[in-house]
Amino acid sequence: MEKQKVQIDHKDTVIKIRGLKKSFEDYAVLRGIDLDLYQGENLVVLGRSGTGKSVLIKLISGLLTPDRGTIEVLGKDVTKISDKELQELRIRIGFSFQNSALYDSMTVRKNLEFPLVRNRKNITRAEIDTAVETVLDAVGLSQTINQMPAELSGGQRKRIGIARTLILNPEIMLYDEPTAGLDPITCIEINDLINEVQQRYKTSSIIITHDLTCAKTTGDRIAMLLDGQFQRIGTFEEVFNTNDERVKPFFDYNFIQ
Amino acid sequence: MDTVNETSASGNAKRSGFKYRLGVFFADIYKIHLFIVRFFKEAFVPPFEFKEVIRQCYEVGVRSFTLITVTGFIVGLIFTKQSRPSLATFGANSWLPSLVSIAIMRALAPLVTALIASGKVGSSIGAELGSMRVTEQIDAMEVSGTKPFKFLVCTRVLATTITIPLLATYTAFIGLLGGYLNVSMYEGTSYTTFMQQVFQPLVYLDFTAALIKSTVFGFTIGIVGCYQGYYSTKGTEGVGKAANGAVVTAMFLVFIEEIVIVQIVNNFR
């Protein structure tokens, strides 16, 4: 499905990262990252495995702490806010994990209910049921409501994972390798779903991937992460219209040239 | 390439050296200390997870109930059977119920319950949390605005701390039943007489000490299982290690605590 034009507000920055550095023992993964994510935008972060793409979104969501730099999310610096503020901020951010991270011991319904019940104290049973049905409908998997995660396919698990984040109506979505390990048809479905989420829920998203089809289909802008820094940021064409030997093989491999 | 191999070989040698392992051991002790402090900081501060604690208590009880029933009964039966010849030598068969009750109440019931629970509950907690860690379920919980430590760790530790003393009390009862079966078969003692003789030598301190001991064992099993699982790494291999580590460490600590508590309690006799 062709990506529809969306309204991006370039004056409203929802994520602002400056001078971000992160090392694990002696290995510097991120070596001074600067990045802006605008309201309503889908930003794809591309890069080889092990270049720190997932680390970046874990830093944004406060799962990891940076060595240096600032990460401003919806006007709050996640490196400086209290635990309580971080918890409140996280409700406004949806995180779709690479392996979906569905709770194995719960049915799909319970998985979807969990964030809602935990974060909306006075919510009624009817409101919970409506919210669950709405997000399941949005990802096209209403029939799986009473199934266990183990009974779902990889693509279905990804969709339910996305549905679980959508139930809290997040303003920002962070997708970690949304198409990893899926067949091409399911990849197309997931890419369409990401675009649909952007349109329907008016989210701003960071999509971590090394799948160029996903990048081209979903991204309004692409940021190429190489050697711990963003080497190229722009539209798909701007990023790949280059003779940079570090970037070209990436494109050639993905599009089998 | 040779340089790389040499470097990694020297790195491995460093990592397996005595100094390195000693460092890791003390780092682990420090981390466990922080883990326990965090438990006390978070467990008794609202909002409380009553529903989840009750659910976990049920899980702990159900997981161990059958095994504890069978084991407790056999322990009582065998202990009575094995003690009879020694007492019979002195013509002291009538002391058998008293001997059985002291052994079961003071040592066997809390210890057997703790060992069974270490195997069944400790390993299960370690594997469950370990699996949740490596499949990013704990991270998913955290980013969805839930405190995973409070929801997963505090509830499980509280559940084992509450349930294991109850299970130990049940084990004592079942063990005494096993003892009664043996005594009634050989001596034809009635149930009432047996129970009178059972409670005769016991003092208040025996019950209190058994309860305190089981509570400490329960806390240990919960903390060790949760710690091993919560900090599990290295994928599926890590899950196995977490489950195994939970059982071995909990059993070892239970024996150490048994020695320490017995020494302390004996000072009050």
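User: Is S101(B) buried or exposed?

Analyst: This is a predicted model, and in it the relative accessibility of S101(B) is 0%. Since buried means under 20% relative accessible area, S101(B) counts as buried.

User: Which backbone oxygen atoms does the side chain of S101(B) reach?

Analyst: S101(B) sits in helix α4 of chain B, which covers residues 96–134. Leaving aside neighbours within four places in sequence, S101(B) is in contact with R106(B), L176(B), V198(B), P201(B) and L202(B). A polar atom of its side chain lies 2.9 Å from the backbone oxygen of V198(B), and the side chain also reaches, at 2.9 Å, the backbone oxygen of S98(B).

User: Which residues in domain 1 of chain B lose the most area to domain 2 of chain B?

Analyst: Chain B is divided into domain 1, residues 1–45, and domain 2, residues 48–266, and the contact takes 12 residues from domain 1 and 14 residues from domain 2. The two domains bury about 1300 Å² between them, with 76% of it on carbon and sulfur atoms. On the side of domain 1, 51% of what is buried comes together from F35(B), F39(B) and E42(B).

User: How many salt bridges are counted between domain 1 of chain B and domain 2 of chain B?

Analyst: Three residue pairs are in polar contact between the two domains, both residues being at pLDDT 80 or more. The residues of domain 1 of chain B that touch domain 2 divide into eight nonpolar, no polar and four charged. For salt bridges between these domains, the count is zero.

User: How much area do chain A and chain B bury between them?

Analyst: The contact between the chains involves 22 residues of chain A and 17 residues of chain B. In chain A, R90(A), Y103(A) and R118(A) lose the most area to chain B, together 30% of what that side buries. With 51% of it on carbon and sulfur atoms, the area buried between chain A and chain B is about 1700 Å².

User: Which element gives the largest share of the side of chain A that touches chain B?

Analyst: Between chain A and chain B there are six residue pairs in polar contact, with both residues at pLDDT 80 or more. The elements of chain A that give two or more residues to this side are α2 (83–90), β6 (93–96) and α3 (108–119). The largest share, four residues, comes from α3(A).

User: Why does the salt bridge of K58(A) and E136(B) join two chains?

Analyst: The side chains of K58(A) and E136(B) meet in a salt bridge at 3.1 Å, N to O, and both residues are buried. K58(A) lies in helix α1 (residues 53–60) of chain A, whereas E136(B) lies in the loop between α4 and α5 (137–143) of chain B, so the pair joins two chains.

User: How many residues apart are R221(A) and E41(A), whose side chains meet in a salt bridge?

Analyst: The side chains of R221(A) and E41(A) meet at 2.4 Å, N to O. R221(A) counts as buried at 18% relative accessibility, and E41(A) counts as buried at 1%. The pair links distant parts of the chain, with R221(A) in strand β9 (residues 221–226) and E41(A) in the loop between β2 (27–39) and β3 (42–46), and their separation is 180 residues.

How values were computed: Residues numbered from 1 in each chain as written. Chains lettered and ligands numbered in written order. Predicted model: local features only at pLDDT ≥ 70, side-chain atom pairs only at ≥ 80, totals over all residues. Heavy atoms only, no water. Domains from an automatic or database assignment. Contact = heavy atoms within 4.5 Å. Buried area = accessible area lost by both parts, 1.4 Å probe. Salt bridge = Lys/Arg side-chain N within 4 Å of Asp/Glu carboxyl O. Polar contact = N/O pair within 3.5 Å; in protein donor to acceptor, adjacent residues only side chain to side chain. Nonpolar A, V, L, I, M, F, W, Y, C, P; charged D, E, K, R; others polar. Buried < 20%, exposed > 50% of the residue type's maximum accessible area, 1.4 Å probe, protein only.
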